[in-house]
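Reader: I am new to this structure and would like a friendly tour. Could you show it to me before I start asking?

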Amino acid sequence: VVPDDIAGLAKPVVGFYGNIREWIDFELIENLARRLSAWSFVLIGQVYADISRFRAVPNVHFPGRREHPMLPGYCRGFDAAMIPYDMKDPRMETVNPVKTKELLAAGVPVVASQVPELAALGNPDIILCATTEEWVMALQKQVARKDRKDISLRVRDEDWSAKIQRMREIV
């Protein structure tokens, strides 16, 4: 079941979850929201940065922090997910957004900044972008997808039980 606080939002819904900190590319999100003004952008998480710029951007929503067990419901409401990290921040060169695999396991296609760890995955369900124009085209492509089950199946061997089983086989 999609949670009530996003169930009624205009579609498509592009979602993010994680801490809302200064390493999020807020300029990018604002540009995307203005370019795709009929869409909804949902950023779930504790806010630790100045998001006042979004008061004038009605299609960007910050529902706040949600407990981890609630996130699959939110994923059901996402047509695509975004990982909009600000690549000018040197920390992003070494970040490993584990949430990417969680999103893919939920069948949600991902559009992300050019995070090296994500590039290393080589996953066809993740599109990496540098410019706003690339983001717009990638989001349009990802929200049109109808293969959520296939997306999920492609990462089925990435869950902890599968990894533990592989370790047992090695040992």
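Predicted model: local features only at pLDDT ≥ 70, side-chain atom pairs only at ≥ 80, totals over all residues.

Reader: How many helices and strands does the chain have?

Author: Helices (H or I, at least four residues) and strands (E, at least two) are DSSP runs, numbered from the N terminus. Read from that end, the elements go α-β-α-β-β-α-β-α-β-α-β-α-α-α. The count comes to eight helices and six strands.

Reader: What is the radius of gyration of the chain?

Author: The radius of gyration is taken over C-alpha atoms, and the globule rule is 2.2 Å times the number of residues to the power 0.38. For 171 residues that rule gives 16 Å, and the chain comes close to this, so it is as compact as a globular protein of that length. The C-alpha atoms fill a box of roughly 55 × 40 × 30 Å along the principal axes. The radius of gyration itself is 16 Å.

Reader: Which residue of β2 is the bridge partner of Phe-16?

Author: Phe-16 belongs to β1, on a side that also holds Val-14. Strands β1 and β2 run parallel and are joined by five bridges. The partner of Phe-16 in β2 is Leu-43.

Reader: And which residue of β6 is the bridge partner of Val-111?

Author: Here the strands to look at are β5 and β6, which run parallel with four bridges between them. The partner of Val-111 in β6 is Ile-127.

Reader: Is Ile-29 buried or exposed?

Author: Ile-29 lies in helix α2. Leaving aside neighbours within four places in sequence, Ile-29 is in contact (heavy atoms within 4.5 Å) with Ile-24, Leu-43, Phe-54, Val-60, Met-82 and Pro-84. What covers the buried residues of α2 includes β2, β3, β4 and α6. With a relative accessible area of 0%, Ile-29 is buried.

Reader: How far apart are the end C-alpha atoms of helix α6?

Author: The expected span of a helix is 1.5 Å times one less than its number of residues. For the twelve residues of α6 (residues 132-143) this gives 16 Å, which agrees with the model. The end C-alpha atoms are apart by 16 Å.

Reader: Which strands and helix do the buried residues of α6 pack against?

Author: The buried residues of α6 are Trp-135, Val-136, Ala-138, Leu-139, Gln-142 and Val-143. One of them, Leu-139, is in contact with Val-14, Leu-32, Leu-36, Trp-39, Phe-41, Ala-80 and Val-111, leaving aside neighbours within four places in sequence. The elements packed against are β1 (13-17), α2 (26-35), β2 (40-44), β4 (80-83), β5 (110-113) and β6 (126-129).

Reader: Which residues touch the most other members of the largest nonpolar core?

Author: A nonpolar core is a set of buried Ala, Val, Leu, Ile, Met, Phe, Trp, Tyr and Cys residues joined through side-chain atoms within 4.5 Å. The largest such core has 51 residues. Those touching the most other members are Phe-41, Phe-78 and Leu-139.

Reader: Which residues does the cis peptide bond join?

Author: Look in the loop between α1 (4-7) and β1, the place of Pro-12. Omega is about -5 degrees at this cis bond. The residues joined are Lys-11 and Pro-12.

Reader: How far apart in space are Asp-89 and Asp-25?

Author: Asp-89 sits in the loop between β4 and α4 (99-105), and at 12% relative accessibility Asp-89 counts as buried. In sequence, Asp-89 and Asp-25 are 64 residues apart. In space, C-alpha to C-alpha, the distance is 9.5 Å.

Note on methods: Residues numbered from 1 in each chain as written. Heavy atoms only, no water. Buried < 20%, exposed > 50% of the residue type's maximum accessible area, 1.4 Å probe, protein only. Pairing = 2+ DSSP bridges.
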